Amino acid sequence: MYKLSYLLSIILLLVFRPLQAQIVHVNAAVGNDAANGKVETPVATLQRAIELARAFKPGESVTIKVAPGLYTLKDQVVIDKRNTEEAWLTIEAASMPDDADWKPAQMPVIQSVSANNSKTQFQHAVGLLIAADHVRIRGLKFIGNGNPEVQYYYPVNRKDSTLTGLDVSQCYFIGERNSAPIQGSIWAHGAGIHVDHCIFYGTKNALLLFMAIRDFSLKNSVIVGSYESAVWFGTFHEPFIFENNIVADSEYLLLRAEKTYPKYPFKNCLFTGMRHEMGYYGQNGAIPTDRNAHSEEHVSRTGKLLLSEVATKGLPHDYLNPLPNSSGKELNAGIFKK
């Protein structure tokens with residue numbers, strides 16, 4: 001009887017024990033796509049890392065550790081590993097901004113050079129196509145697509161409005177409108193989109209969110225120089241969290257469908273240097289709204305955003321973050337959480 005009880009205990013432990021997280025290492029400088037993705041034998045490309053991640057069971061969390069370096073995407077990378085609410089796929093820098101020994105040069109850089117690689121709605125290019133539930137992207141720097149054939153480029157895209165769970169944290173999105181533009185840093189449909197401690201600099205739009213958007217949050221982020229709008233937003237559903245953000249020197253703060261009056265709550269934010277704030281989008285482009293129904297709590301429009309930028313000494317440790325004497329510094333918006 002004792003042996004039977006012991007055997008049953010072992011079986012139950014094996015059946016119900018949580019599956020261990022798996023790790024795949026990728027290193028653009030020394031990796032080899034014929035390798036197995038272990039720490040001592042990394043693969044070279046994100047595409048190969050995703051292929052290895054697919055081999056793990058749906059209930060297993062997988063973390064793709066991305067070493068410092070330049071990751072050039074010649075086509076879109078489709079992230080389609082099946083995940084669950086408990087088991088996420090995470091793509092993150094091997095060294096994160098809050099690590100004690102982090103330096104800007106350690107942040108992996110994702111750059112697309114592809115031609116148009118998607119015909120959904122119109123011809124455009126995508127960097128990472130999120131085609132699965134529960135995906136995290138952490139600590140990466142996305143820059144624009146320099147291919148002259150590409151007019152519309154989206155570094156992070158989720159087309160399927162039935163998907164849920166997309167977390168983007170501590171990432172840079174840096175565009176240069178005259179040479180390597182970003183049409184929209186994150187173009188996504190579906191539920192559970194959470195963005196925090198990101199910096200969007202010189203992108204035409206930071207966030208493009210349209211269909212089935214539920215459970216959305218944008219927190220502790222900096223959006224500067226959006227020459228169309230910081231955020232495009234579709235049908236409004238709660239919860240909608242927009243707090244501790246800085247939006248500066250942009251054409252519009254937020255665009256929404258014409259003749260809609262959602263009750264967006266804006267909390268603890270700085271909006272400065274804006275040409276317009278709320279606007280409608282339509283077939284004839286953006287126009288200012290006739291009226292609004294949003295609420296504001298501790299939202300400031302005074303002062304000037306001062307950023308730590310590249311000068312003669314090169315890339316500063318806190319580049320594109322608010323300087324200590326900047327307006328909005330108290331909001332803790334920027335790439336660092338600590």
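What follows is a short chat about the sheet and the nonpolar cores of a predicted model.

Me: How many strands are in the open sheet, and in what order?
Reply: There are 9, running β4-β7-β10-β13-β16-β19-β22-β24-β25, with mixed pairing.

Me: Which strands stand at the edges?
Reply: β4 (77–79) and β25 (285–288) do. Each has a single partner strand, so one side of each is left without a neighbour in the sheet.

Me: And how much are neighbouring strands turned against each other?
Reply: By 25° on average, with direction ignored.

Me: Take β16 and β19. How do they run, parallel or antiparallel?
Reply: Parallel. Strand β16 (residues 205–209) is joined to β19 (residues 229–233) by 4 bridges.

Me: What is the bridge partner of L208 in β19?
Reply: W232 is the partner of L208 there.

Me: Which strands does α2 touch where it packs on the sheet?
Reply: α2 touches β4 and β7 (125–130), and its direction makes about 25° with that of β4.

Me: Changing topic. How many residues has the largest nonpolar core, and which have the most contacts inside it?
Reply: That core has 61 residues, and L207, F242 and F266 have the most contacts inside it.

Me: Which helix gives the most to this core?
Reply: Helix α2 (residues 46–54), which contributes 5 residues.

Me: Back to F242. What does F242 touch, leaving out residues up to four places away in sequence?
Reply: F242 touches L218, V231, V247, L253, P265, F266, K267, C269 and F271.

Me: What does the second core include?
Reply: The second core is separate and has 17 residues, among them I199, V222, I246 and Y319.

Terms used. Residues are numbered from 1 along each chain as its sequence is written. This is a predicted model: local features need pLDDT of at least 70, side-chain atom pairs count only at pLDDT 80 or more; totals for chains, interfaces and linings use all residues. Side-chain values use heavy atoms; hydrogens and water are left out. A nonpolar core is a set of buried Ala, Val, Leu, Ile, Met, Phe, Trp, Tyr and Cys residues joined through side-chain atoms within 4.5 Å. Buried means under 20% relative accessible area, exposed over 50%, partly exposed in between (1.4 Å probe, protein chains only). Helices (H or I, at least four residues) and strands (E, at least two) are DSSP runs, numbered from the N terminus. Contact means heavy atoms within 4.5 Å. Two strands pair if DSSP finds at least two bridges between them. Axes are lines fitted to C-alpha atoms, for helices over the stretch in contact, and angles run from 0 to 180 degrees between N-to-C directions.
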